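Dear colleague,

I am handing over a structure that you have not worked with before, and below it you will find an account of what was found. Please read the text with the view open beside it.

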Protein chains: 2
Amino acid sequence: MISTKARYALRVMTDLAGQEKNSYIPLKDIAIRQEISEKYLESILKTLVKGNILKGVRGKGGGYMLTRPPKDYTVGEIIELTEGSLAPVACLMPGARSCPRREKCATLPLWKKYGALTHDFFYNITLEDLINNNF
Amino acid sequence: MISTKARYALRVMTDLAGQEKNSYIPLKDIAIRQEISEKYLESILKTLVKGNILKGVRGKGGGYMLTRPPKDYTVGEIIELTEGSLAPVACLMPGARSCPRREKCATLPLWKKYGALTHDFFYNITLEDLINNNF
DNA sequence: CTATTTACCTATCATTTCAATAGGTTTATA
DNA sequence: TATAAACCTATTGAAATGATAGGTAAATAG
């Protein structure tokens, strides 16, 4: 299941996309609009800034801003950044140590197919699409 | 992510489908073939029996057997039985209390679409398809 | 009848993950 | 210099996960 971290991250991104272009929005404003605790939101925004998906500026007049136009973000990258990976099973996680049963596993092809499906779905929807319900 | 419970359940089902028809297979045999601890496997098989997708018979000569031909099981029902649900997010879980932000949530339609995609994928693959890699 | 084989049942455990909170530090602006 | 803001590290409580332990009931074989 997709955790709240990724879900909140997506909501924040759509929120910021809806604000005035080229202005910094303080965390507090986002927290109020999205009804998410400031402290928890902070940890999520930290991840987004580290991943270069958002820019943060300190001090008075500071806040957060998108680094690209909404059409240049995919939903997939936002989820993957916050969630770590969108692999459907542990054995397909990046860096998972190769399973000894890999060759004879009857279910591995299923998980691979589903993983590909999931990847395609989320990486073919942009933030703009998400806002416009265009998917 | 799909937990080991559902993953093991699927492996057990494919394993049983590959055994002699109309014979009861002891848990111990399955555990050895699938390299799963007997005790843990027990708890999974209990779920499958309760869900009527396996039949269990006690005593000497007993064991487990499929209740239907492999083509009459969907992968979806097996996952859902063991996993509880295949909802992608908490707010779409069966019996989740209605979210107050439901109307204005920018991401809910996305999760619904993804949930439908997931459901369709898994419910359109039978156990037979899984065995034959036919999906 | 008795020993054996098997499923079934209840409880417990250790570890990890998840969601959230707390309190402080740095940076920029007015 | 006061204030507003992001940034940083650590901690917490609760739940889920994966697994183990020990016993009970039923069926069969000898």
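The hairpin that the two strands form has five residues between them, and in it B:Gly59 takes a positive phi near 80°. Please keep in mind throughout that this is a predicted model, and that the values below are computed from it.

By class, the surface near DNA strand C divides into seven nonpolar, ten polar and nine charged residues.

DNA strand D is likewise surrounded by 26 residues, of which A:Leu27, A:Gly56, B:Ser3, B:Ser37 and B:Gly59 are the closest. Here two or more residues come from each of H2 (27–34), H3, S1 (54–57) and S2 (63–66) of chain A, and from each of H1 and H3 of chain B. The largest share of this surface, four residues, comes from H3(A). The residues near DNA strand D comprise seven nonpolar, ten polar and nine charged ones.

How are the two protein chains related to one another? Chain B can be laid on chain A by a turn of 180° with a shift of 0.0 Å along the axis, and the RMSD is then 0.1 Å. Such a relation is that of a two-fold axis. Among the residues of chain B, B:Met1 comes closest to the rotation axis, its C-alpha lying at 2.7 Å. The same surface serves both copies, since 100% of the contact residues of chain B recur in chain A.

As for the contact itself, 24 residues of chain B are in contact with 24 residues of chain A. On the side of chain B that touches chain A, helices H1 (4–17), H5 (108–123) and H6 (127–131) of chain B each supply at least two residues. It is H5(B) that provides the largest share of that side, namely six residues. This side of chain B divides into 16 nonpolar, three polar and five charged residues.

Finally, a word on the layout of a single chain. Chain A is divided into domain 1 (4–66) and domain 2 (71–131), and the C-alpha centres of these two domains lie 25 Å apart. Across the boundary, eleven residues of domain 1 of chain A are in contact with ten residues of domain 2 of chain A. On the domain 1 side, H1 and H3 of chain A each supply at least two of the touching residues, and H1(A) gives the most, with seven residues. That side of domain 1 is made up of seven nonpolar residues, three polar ones and one charged.

With best wishes

Definitions and conventions:
Residues are numbered from 1 along each chain as its sequence is written. Chains are lettered from A and ligands numbered from 1 in the order in which they are written. This is a predicted model: local features need pLDDT of at least 70, side-chain atom pairs count only at pLDDT 80 or more; totals for chains, interfaces and linings use all residues. Ala, Val, Leu, Ile, Met, Phe, Trp, Tyr, Cys and Pro count as nonpolar, Asp, Glu, Lys and Arg as charged, and the others, Gly among them, as polar. Two residues are in contact if their C-beta atoms, placed from the backbone, lie within 7 Å. A residue is near a molecule or strand if its C-beta atom, placed from the backbone, lies within 6 Å of it. Domain bounds come from an automatic or database domain assignment. Copies are superposed by least squares on the C-alpha atoms of residues with pLDDT of at least 70 in both. Two strands pair if DSSP finds at least two bridges between them.
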